[in-house]
Amino acid sequence: YQFKRFALCHVVLLLVVTQSAFIVVNMFEGLLWFLLPCALVIANDIWAYIFGFFLGRTPLIRLSPKKTWEGFLGGMLATFFFGFLLSRFFLQISADDMSKDGFQT
């Protein structure tokens, strides 16, 4: 029992620390790889709320009664569309503009 808990603790720490280290490296190597996922999560949350508020009829899960299938699917489709538009916008920006060297400290 104790060894399992010990191993689980170390695996969780390894996963959390490794992911955190990669996030920091990505932020320094290219701000795009930090901003893009943040923007997509925010867009998904906003559009799922809007679609669910105006079109929501079918409950998604009993745990959260205000969540609807319409909000889930509308948020997903709007996020795909937003991601497509955002990728087109980021294609116009040079990679040098998104690196750490382009920022003044």
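**Exercises on a predicted model**

The largest pocket has a volume of about 310 Å³ (a pocket is an open set of points on a 1 Å grid over the protein atoms alone, with protein on both sides within 12 Å along at least five of seven lines; a volume is the space filled by probe spheres set on the points). This is a predicted model, in which local features need pLDDT of at least 70 and side-chain atom pairs count only at pLDDT 80 or more, while totals for chains, interfaces and linings use all residues. Residues are numbered from 1 along each chain as its sequence is written, and side-chain values use heavy atoms, with hydrogens and water left out.

**Exercise 1.** Determine which elements give two or more residues to the lining of the largest pocket.

*Solution.* 
1. List the lining residues (those with an atom within 4 Å of a point): Asn44, Asp45, Ala48, Tyr49, Gly52, Phe53, Leu60, Lys66, Lys67, Thr68, Gly71 and Phe72.
2. Assign them to elements (DSSP runs numbered from the N terminus: helices are H or I, at least four residues, and strands are E, at least two). The elements with two or more lining residues are α2, β2 and α3.
3. Identify the main contributor: α2 supplies the largest share, six residues.

**Exercise 2.** Describe the span of helix α2 and the cover of its buried residues.

*Solution.* 
1. Helix α2 comprises residues 32–55, 24 residues in total.
2. From first C-alpha to last, α2 reaches 33 Å, close to the 34 Å expected at 1.5 Å a residue (the expected span is 1.5 Å times one less than the number of residues).
3. The buried residues of α2 are Leu32, Leu36, Ala43 and Gly52 (buried means under 20% relative accessible area, with a 1.4 Å probe and protein chains only).
4. Their cover includes β2 (64–68) and α3.

**Exercise 3.** State the order of the elements and the share of buried residues in the protein.

*Solution.* 
1. The protein has three helices and two strands, in the order α-α-β-β-α from the N terminus.
2. Of its 105 residues, 16% count as buried.

Notes: Buried means under 20% relative accessible area, exposed over 50%, partly exposed in between (1.4 Å probe, protein chains only). Contact means heavy atoms within 4.5 Å. On a 1 Å grid over the protein atoms alone, a cavity is a set of points where a 1.4 Å probe fits but cannot get out, and a pocket is an open set with protein on both sides within 12 Å along at least five of seven lines; lining residues have an atom within 4 Å of a point.
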